[in-house]
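Dear colleague,

I am handing over the structure below, followed by notes on what was found in it. Please read them with the structure open beside you.

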Amino acid sequence: MLNVVAIMGRLVADPELRTTQSGINVVSFRIACDRNFARQGEQRQADFIDIVAWRQQADFVTRYFGKGRMILVEGELQTRSYTDKNGMNVRVTEVIADRLCFTGEK
């Protein structure tokens with residue numbers, strides 16, 4: 001099986017760093033990634049992708065990236081489900097980052 005994602009986009013908000021009960025840092029953030037195609041006369045659309053990074057990668061993102069900053073993410077796509085406070089089933093799709101890089105653009 002192959003599950004590889006490479007995506008580049010801008011952070012839509014500052015990353016949110018948390019620490020698990022066992023002391024492991026985890027950060028979650030969302031990036032906006034423009035689609036390649038736009039119909040004539042229409043504005044280009046963007047997709048908003050949720051990213052999760054653990055341990056040293058979480059520290060790296062928190063230290064060097066903020067809202068509006070371009071980032072390159074490599075990782076794998078993961079889905080999970082849970083029941084929210086209202087008893088509704090929620091399905092989440094996110095990229096679990098293996099590698100995070102600067103893009104050379106500020």
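**Salt bridges and ring pairs**

At 38% relative accessibility, Arg 30 counts as partly exposed, and please keep in mind for this and every later value that the model is a predicted one. The side chain of Arg 30 meets that of Asp 50 in a salt bridge, with N and O 2.7 Å apart. This pair links distant parts of the chain, since Arg 30 belongs to strand E3 (residues 25-34) and Asp 50 to strand E4 (residues 46-54), 20 residues apart. Asp 50 has a relative accessibility of 24% and therefore also counts as partly exposed.

A search of the whole structure finds four salt bridges, and two others among them join strand E5 to strand E6. In one, Glu 74 is paired with Arg 99, the closest N and O atoms being 3.2 Å apart; Glu 74 lies in strand E5 (residues 70-83) and Arg 99 in strand E6, 25 residues apart. Glu 74 is partly exposed, with a relative accessible area of 28%, and Arg 99, at 44% relative accessibility, counts as partly exposed too.

In the other, the side chains of Arg 80 and Glu 94 meet at 2.8 Å, N to O, and here the partners, Arg 80 in strand E5 and Glu 94 in strand E6, are 14 residues apart. Arg 80 counts as partly exposed at 38% relative accessibility, whereas Glu 94, at 8%, falls under the 20% cut-off and so counts as buried.

Turning to the aromatic residues, the structure holds five aromatic pairs. One of them is formed by Phe 60 and Phe 65, whose ring centres are 5.6 Å apart and whose planes stand at 70°, so the pair is edge-to-face. Phe 65 is buried, at 5% relative accessibility, while Phe 60, at 22%, counts as partly exposed.

Phe 60 also pairs with Phe 102, with the ring centres 5.3 Å apart and the planes at 70°, which is over 60 degrees and therefore edge-to-face. This second pair links distant parts of the chain, with Phe 60 in helix H1 (residues 55-64) and Phe 102 in the segment after strand E6 (89-101), 42 residues apart. Phe 102 is partly exposed, with a relative accessible area of 40%.

Ring pairs link Phe 60, Tyr 64, Phe 65 and Phe 102 into a cluster. Finally, Arg 69 lies over the face of Phe 65, at 5.5 Å from the ring centre.

With kind regards

Key. Residues are numbered from 1 along each chain as its sequence is written. This is a predicted model: local features need pLDDT of at least 70, side-chain atom pairs count only at pLDDT 80 or more; totals for chains, interfaces and linings use all residues. Side-chain values use heavy atoms; hydrogens and water are left out. Rings of Phe, Tyr and Trp (its six-membered ring) pair if their centres lie within 6.5 Å; planes under 30 degrees apart count as stacked, over 60 as edge-to-face and the rest as tilted. Buried means under 20% relative accessible area, exposed over 50%, partly exposed in between (1.4 Å probe, protein chains only). Helices (H or I, at least four residues) and strands (E, at least two) are DSSP runs, numbered from the N terminus. A charge sits over a ring if NZ of Lys or CZ of Arg is within 6 Å of the ring centre and within 35 degrees of the ring normal.
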